[in-house]
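Q: Please take a close look at one helix of this protein. Tell me what surrounds that part and how the whole chain is built around it.

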Amino acid sequence: MSQGYIFKVIFIGDAAVGKTSLIRKFTKSEFSKEYIMTLGAQFTTHEDKIEGANCRLLLWDIAGDKKLSSLRPAFYRGAKGAIIVFSHASGQEESFNNVSFWLNDIRKNCEKIPIILFGNKIDLIEDDELSKNKGKPTSNDNIEKFINGNNIAGYYKTSALTGNGVIDAFQTLIKILYNEYK
Ligand SMILES: Nc1nc2c(ncn2[C@@H]2O[C@H](COP(=O)(O)OP(=O)(O)OP(=O)(O)O)[C@@H](O)[C@H]2O)c(=O)[nH]1
Ligand SMILES: [Mg+2]
């Protein structure tokens, strides 16, 4: 008999880093250049099969705008996993500094759940910049230290525009959740 699983996953991170775009790319293979900020939260479901078991993901896309923060903990309730998104685009460096804020927000409001970090908009920078420029806060080396030091389950560089890394990143979380609850 095949079993089914339902996992609520929350997407958080600063405004305009690409949370909505990543979910759209993963679930619909679509991308839009237009920015329509998310108000409050919206959710999308996605069905996947792993080792013959049906997994339904409830993807909760939560607004990054801090003005909407009072509602946020209510949206976190019952989450089994979390994805924190920041942007590699120049001009959005602050979104990586704020990863600590988002991490703290989850740890404060959720049980112990797996957290994955997505470094999005990778299409806007050269990969060299992240491998060679070790002083950069978002260099590969620095992020590896950051995720090890903060007990983060994985790090993926993604682009909602090209789709680079997107499927791998989502699948990793699905596998982690499945292995935890099977
Ligand atoms: N070049 C590039 N642009 C992206 C990428 N992902 C998102 N964008 C653009 O960045 C802008 C913001 O994307 P959203 O997905 O709306 O950002 P968000 O994190 O959901 O923002 P909030 O809903 O305000 O929290 C939009 O104009 C997108 O087209 C990417 O990987 N590459
Ligand atoms: Mg959004």
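A: Start where helix α1 ends. The residue that follows α1 is S29, and its phi is positive, near 55°. Keep in mind that this is a predicted model.

Now step back into the helix. α1 spans residues 19-28. It is mostly covered, with seven of its 10 residues buried. Buried here has a plain cut-off: 20 or more other C-beta atoms lie within 10 Å of the residue's own. The residues of α1 that pass are K19, T20, S21, L22, I23, K25 and F26. An α-helix has 3.6 residues a turn, so residues three or four places apart point the same way.

What does the covering of these buried residues include? Strands supply much of the list: β1 (4-12), β2 (41-50), β3 (53-62), β4 (81-87) and β5 (115-120). A helix, α7 (166-181), is also among the elements that cover them.

Next, the whole protein. Its secondary structure comes to seven helices and six strands. From the N terminus, the order is β-α-β-β-α-β-α-α-β-α-α-β-α. The radius of gyration is 16 Å, close to the 16 Å that the globule rule gives for 182 residues, so the protein is as compact as a globular protein of that length. Along the principal axes, the C-alpha atoms fill a box of roughly 50 × 35 × 35 Å.

Of the 182 residues in the protein, 35% are buried. Contacts reach along the sequence as well. Among contacts with a separation of 6 or more, 72% join residues 24 or more positions apart.

Key:
Residues numbered from 1 in each chain as written. Chains lettered and ligands numbered in written order. Predicted model: local features only at pLDDT ≥ 70, side-chain atom pairs only at ≥ 80, totals over all residues. Buried ≥ 20, exposed ≤ 12 C-beta atoms within 10 Å, placed from the backbone. Helix = DSSP H or I, 4+ residues; strand = E, 2+ residues; numbered from the N terminus. Contact = placed C-beta atoms within 7 Å. Rg over C-alpha atoms; globule rule 2.2 N^0.38 Å.
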